[in-house]
Amino acid sequence: MDDAGEGAFAARLKAYEGRPAAVAGVGKDRVNAPMIRHWCEAMGDTNPAYAGPDAIAPPTMLQAWTMGGLSGHTGRTRAYDELLGLLDEAGCTSVVATDCEQEYLRPLRPGDEVTFDAVIESVSDRKRTRLGAGYFVTTRMDVRVGGERVGTHRFRILKYAPARHATTKDATTKDAPTKDASTQRPPAPDRPAHRRPRPVINRDNAGFWEGVARHRLLIQRCTGCDTLRFPWLPGCSACGYPEWDTVEAAGAGTVHSYVVMHHPPFPAFSPPYAVALIELAEGVRIVSNVTGVPYDKVRIGMPVRLEFVRCDDELELPVFRAQDGNGG
Ligand SMILES: [Zn+2]
């Protein structure tokens with residue numbers, strides 16, 4: 001986009017500021033003791049204020065009373081969807097939640113019925129970030145009980161065009177074999193929206209994805225105590241030492257465990273399919289797919305071998321092919 005085009009686009013985005021994102025929403029459940037108890041158990045919060053006959057809800061549960069769950073809310077407006085659609089069309093197809101701010105005006109108690117309205121508070125200018133260039137969209141939700149405002153929840157996302165990782169792409173073309181029998185290319189998805197979700201690549205795991213681009217599955221090794229670790233982490237969980245090097249997985253493994261996904265459906269996947277936890281010969285485990293057998297033939301203990309599958313022009317993934325030949 002040239003400067004004039006970008007200015008016009010920014011103005012179209014700014015026109016959404018102040019428009020409602022959700023109107024007259026009603027919490028799916030009243031504030032209630034079971035949800036408070038589950039939350040406190042999950043958070044390890046033993047504050048006595050959240051238990052007993054005079055319990056209040058933990059203030060940070062504010063969003064729990066307004067979330068729509070998998071089925072969503074009916075109060076969401078078209079303005080918010082339109083705004084996200086505009087950004088999609090401009091190439092900002094990825095989204096990441098960046099932060100939220102909450103303000104508490106009075107405690108919520110079991111029996112309170114929560115209602116809420118949300119407004120698109122601001123759309124930023126175009127920003128360059130490590131993930132890619134995009135726009136921060138902030139919504140503000142006012143939460144009420146009996147018409148009285150009890151809290152505010154501000155939620156910010158970055159809608160962005162994913163940055164192309166030039167070094168990774170170069171590595172692919174230079175180092176990867178041009179004809180690799182182990183690389184399969186499944187049928188192209190119908191629409192970009194049906195592509196597999198993109199991995200979030202950051203400085204803590206970039207080396208892993210650079211390895212994948214060269215068809216090498218790299219395991220981190222602590223240079224303090226030699227403990228192998230996977231997935232990639234900034235420090236050693238055995239000794240805390242921050243320095244590390246890598247070991248390339250030889251490729252042999254076994255299915256340590258698996259689940260078959262039936263629900264919920266995601267656009268890029270067709271259920272049912274098996275998601276397996278593979279134990280590599282080196283001793284670490286990785287979540288992946290098993291190829292070469294139908295989902296209902298995956299078994300614990302099944303020997304598998306590493307291969308790389310190209311999902312689309314930008315994404316390659318390590319997967320594991322069943323080795324005992326009991327299936328297609
Ligand atoms: Zn260590």
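User: In the hairpin of strand 11 and strand 12, which residue takes a positive phi near 110 degrees?
Analyst: Heads-up: this is a predicted model, where local features need pLDDT of at least 70, side-chain atom pairs count only at pLDDT 80 or more, and totals for chains, interfaces and linings use all residues. Residues are numbered from 1 along each chain as its sequence is written. Strands here are DSSP runs (E, at least two residues), numbered from the N terminus. The hairpin has 4 residues between its strands, and the one with the positive phi is G283.

User: What is the bridge partner of E279 in strand 12?
Analyst: Strand 11 and strand 12 pair (DSSP finds at least two bridges between paired strands) in the antiparallel sense, over 4 bridges. Within that pairing, E279 has as its partner R285.

User: How many bridges join strand 10 to strand 11?
Analyst: Strand 10 covers residues 252-261 and strand 11 covers 273-280, running antiparallel. Y258 stands opposite A276, while V259 faces V275. The bridge count for the two strands is 8.

User: Is T139 buried or exposed?
Analyst: T139 lies in strand 5, residues 132-145. The cut-offs are 20 or more other C-beta atoms within 10 Å for buried and 12 or fewer for exposed, with partly exposed in between and C-beta atoms placed from the backbone. T139 has 20 C-beta neighbours inside 10 Å, so it counts as buried.
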